[in-house]
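Here's a quick tour of a few spots worth a look. Have the viewer open as you read.

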Amino acid sequence: MRVALVSTATCALALALAAPASAASWCVRDHVELQQALTAAAASPGDDEIRLREGVYTTFNGPFLYSAQTTGWLTVSGGWYTVDGNDCAQRRMDASRTILDGAGQHQVLRIYLIPPAGTTQETRLAVVNLSVRNGYGDSATFQRGGGIDMGAYSDAFTELWLDNVIVANNEGYFGGGANLYANYGAVRVANSLFDDNSASASAFGQAAITVNATAEGVSPAVLVANSTFARGRCAGQGWRGCGIGAGLAGGVHMDVVNSLFFDNAISDLNLEGAAVIGLGDGSASADYSLVGIVGGNLPLARNHELAGDPLFVDAANGDFHLRDESPFINQALAPVPFPPLNVLDLDALPRDRFGAPDPGPYENQGWDFLFADGYD
């Protein structure tokens with residue numbers, strides 16, 4: 001089985017999955033080629049990678065759509081560029097340089113896996129190193145995930161990954177930034193920034209995450225690591241606020257690690273069990289994280305809790321780097337137990353700069369780094 005294993009020391013989802021043995025790869029440079037590649041990958045029984053060249057990809061007639069009945073792995077990754085005439089030969093780890101844009105008209109990216117009953121092959125669906133902006137999920141038709149809508153409706157273990165992504169200025173009905181649903185599997189959001197996402201007719205402006213079941217020994221089945229969720233807005237529904245909403249069935253544990261919640265209306269995190277529909281209640285914890293108001297019917301176990309003003313460089317204008325005088329510098333779990341997060345931050349700069357990592361997707365590099373080349 002290619003299921004992620006557990007780190008018993010940190011209850012973290014270990015990323016020990018081997019790379020797919022065989023894969024088809026597409027290099028795309030515009031919105032037409034991107035949709036063509038998604039359609040081809042959905043029809044492919046193998047493990048597929050779609051490489052996006054740096055640039056802007058705007059949706060025109062609806063979302064970029066992958067809807068598969070086969071269970072091959074899929075990775076959609078940005079930051080690729082040409083070297084010596086070879087397209088997509090190298091990748092620059094800068095999520096801001098590859099943008100999927102909904103133009104305020106459509107959901108941006110929908111990835112669905114709906115295999116036949118009895119399917120046993122494990123799958124990973126991953127979105128890596130790109131930005132998703134200006135998506136619109138129509139509340140009248142209950143479109144969840146204005147930015148990213150990922151659903152794995154499989155009886156086989158399926159992982160949904162958002163790694164090194166920027167999700168900003170998206171609107172949707174539930175999960176304005178992202179909707180992530182796994183019938184049986186795990187969800188990982190890591191090294192990512194969610195900013196200014198909304199659900200104006202409902203709740204969970206930043207993201208809605210649901211895991212109905214997971215494999216034995218997989219804990220956490222929902223991992224949120226080294227990420228920041230800021231300025232989420234929504235109408236609200238009782239205890240449901242505008243940060244993340246997590247639906248956690250029995251046996252499903254969620255861990256928020258090294259992450260920052262900031263200026264999300266009503267609540268930062270909403271935790272709901274599934275006993276009411278016969279699936280039991282899961283659990284949740286936060287470690288080395290800034291989490292304010294929590295809603296829902298599940299408690300949040302808080303460990304090494306952060307408190308106070310993070311002192312972002314310019315939160316009002318979307319700059320969520322920590323200032324040099326931030327009290328959170330070096331206050332994250334060290335070492336970061338989730339590869340490859342222990343290597344680079346969202347700027348592709350060293351994660352562990354001053355002996356310990358910082359919470360959030362960006363590592364403060366300090367003035368000595370800025371002037372390392374002798375500039376003054």
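## A hairpin to start with

Let's begin at the turn: β7 and β8 make a hairpin with two residues between them, and Asp84 in that turn has a positive phi of about 50 degrees. The strands, β7 (residues 74–83) and β8 (residues 86–91), pair in the antiparallel sense over three bridges. Across the pair, Val83 sits opposite Asn86 in β8. Strands here are DSSP runs (E, at least two residues) numbered from the N terminus, and two of them pair if DSSP finds at least two bridges between them.

This is a predicted model, so local features need pLDDT of at least 70 and side-chain atom pairs count only at pLDDT 80 or more, while totals for chains, interfaces and linings use all residues. Residues are numbered from 1 along each chain as its sequence is written, and side-chain values use heavy atoms, with hydrogens and water left out.

## A buried asparagine

Next, find Asn129 in strand β11 (residues 123–133). Asn129 has a relative accessible area of 0%, so Asn129 is buried (under 20%, with exposed meaning over 50% and partly exposed in between; 1.4 Å probe, protein chains only).

Beyond its neighbours within four places in sequence, Asn129 is in contact (heavy atoms within 4.5 Å) with residues including Gly78, Gly79, Arg91 and Asp163.

## An exposed valine

Val276 lies in the loop between β25 (269–273) and β26 (283–287). With a relative accessible area of 78%, Val276 is exposed.

How values were computed. Helices (H or I, at least four residues) and strands (E, at least two) are DSSP runs, numbered from the N terminus.
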